Amino acid sequence: MVWTIVWTYQRNEEDVLDSFQLDKQLQKKKNIFYIRKRRDVYKTLGPGSEADRAIILAFGSLFTAQYKGSQLYIDIAEAPKDQRIQSLIKRIEFLPFVPQIVNAGKKFAIETIKAPFFCAQLRLLDGQFKNHWRNTFVGFKEKVESLRTKGPLPIHIFVMTDLSNGNWSGTYLGDLERDLNSFKLYVLRAEDELVKETAEKLVGQMKKGCNNQGSLDILLYIEESVCSCASLGFFGTAGSTIAESIEQMRKSGICLRQG
């Protein structure tokens, strides 16, 4: 059972079921099982709350609108311009990864890539993104060709994508991979030792072993950290929250600050 929280503000709807909560018959039909409750963001996270006393506070995905019927989202668009809420939103605008994740990304950049590099985040297979391959590759190609004209060669490129390497043939990624004189491409995989070691450090402390989903999540976070260190620039898929997260990391200079 998945618990979903709809964050509200000053609506006196603490722990009531949300209007988007599916009834049991529809849950069974769609094979979606979750409980969606509404909770006041200030009472839950503000002064005097249990979260206020916490040293570490972790969020799931935060969306400003419903997403696939089972993700967290914030419903406080109509909240008054309360300085306390504005301060809370500002403080959670950028929440850096734990040092183990950031350091793993830096380690890959320093010990594997070993040169200034460009990062490309290409989301191609999920939802709306699978219908925009052409636009994504056009924007990516423009960035790369600009780097090629400036030199020196080869250009080192870290690629994070949901398109498996075996399916790169016939795409611009395949073209780059074949042009060994001009480009050198790098990827991270869930089975790579760096990912497994980082997963053991993080997940192993809480539970013996790390399931496949945990490894994939950690892989994604390390990939984002690698991209935050890309000194030649970054290209992200338009509309991707992952790209937005990387831009926030790059803007904050997290790669430079973390030891």
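Guide: A crossover counts as right-handed if, with the strands pointing away from the viewer, the path from the first strand over the helix to the second runs clockwise. In this predicted model, one right-handed β-α-β unit is made by β5, α5 and β6.

Visitor: What is the mean pLDDT of the chain, and where is confidence lowest?

Guide: The chain has a mean pLDDT of 80, with 72% of its residues at 70 or more. Confidence is highest in strand β7 (residues 183-186), at a mean of 98. Over residues 63-75 the pLDDT is below 50, although in the model this stretch has 42 contacts beyond near neighbours in sequence. The chain mean is therefore 80, and the lowest confidence, a mean of 48, is in strand β4 (residues 73-74).

Visitor: In what order do the four strands stand in the open sheet, and which of them are at the edges?

Guide: The pairing in this sheet is parallel, and the order is β7-β6-β5-β8. From one strand to the next, the twist averages 20°. A strand with a single partner has one side left without a neighbour in the sheet, so the edge strands are β7 and β8.

Visitor: How many bridges join β5 to β6, and how many pair β5 with β8?

Guide: Both pairings are parallel. Ala-120 stands opposite Val-159 in β6, and its bridge partner in β8 is Phe-235. Cys-119 has Phe-234 as its bridge partner in β8. The bridges number six between β5 and β6, and between β5 and β8 three.

Visitor: Is β5 largely enclosed or exposed?

Guide: On one side, Phe-117, Cys-119 and Gln-121 are buried. On the other, Phe-118, Ala-120 and Leu-122 are buried as well, which leaves both faces covered. Six of the six residues of β5 are buried, so the strand is largely enclosed.

Visitor: Which residue in β7 is the bridge partner of Ile-157?

Guide: β6 and β7 pair in the parallel sense over four bridges. The partner of Ile-157 in β7 is Leu-185.

Visitor: What angle does helix α5 make with β5, and helix α9 with β8?

Guide: Helix α5 (residues 133-150) packs on the sheet and touches β5, β6, β7 and β8. Helix α9 (residues 241-252) also packs on the sheet, touching β5, β6 and β8. The direction of α5 makes with that of β5 about 175°; for α9 and β8 the angle is about 155°.

Visitor: How many residues are in the largest nonpolar core, and how many in the other core?

Guide: In the largest core, Phe-108, Phe-117, Phe-158, Leu-188, Ile-222 and Val-226 touch the most other members. Elements giving two or more residues to this core include α4, β5, β6 and α9. Leaving aside neighbours within four places in sequence, the contacts of Phe-108 include Phe-158, Leu-188 and Val-226. The largest core has 28 residues, and the core apart from it, with Leu-124, Ile-157, Leu-176 and Phe-235 among its members, has 18.

Key: Residues numbered from 1 in each chain as written. Predicted model: local features only at pLDDT ≥ 70, side-chain atom pairs only at ≥ 80, totals over all residues. Heavy atoms only, no water. pLDDT = per-residue confidence, 0-100. Contact = heavy atoms within 4.5 Å. Pairing = 2+ DSSP bridges. Axes fitted to C-alpha atoms, helices over the stretch in contact; angles between N-to-C directions. Buried < 20%, exposed > 50% of the residue type's maximum accessible area, 1.4 Å probe, protein only. Core = buried A, V, L, I, M, F, W, Y, C linked by side-chain atoms within 4.5 Å.
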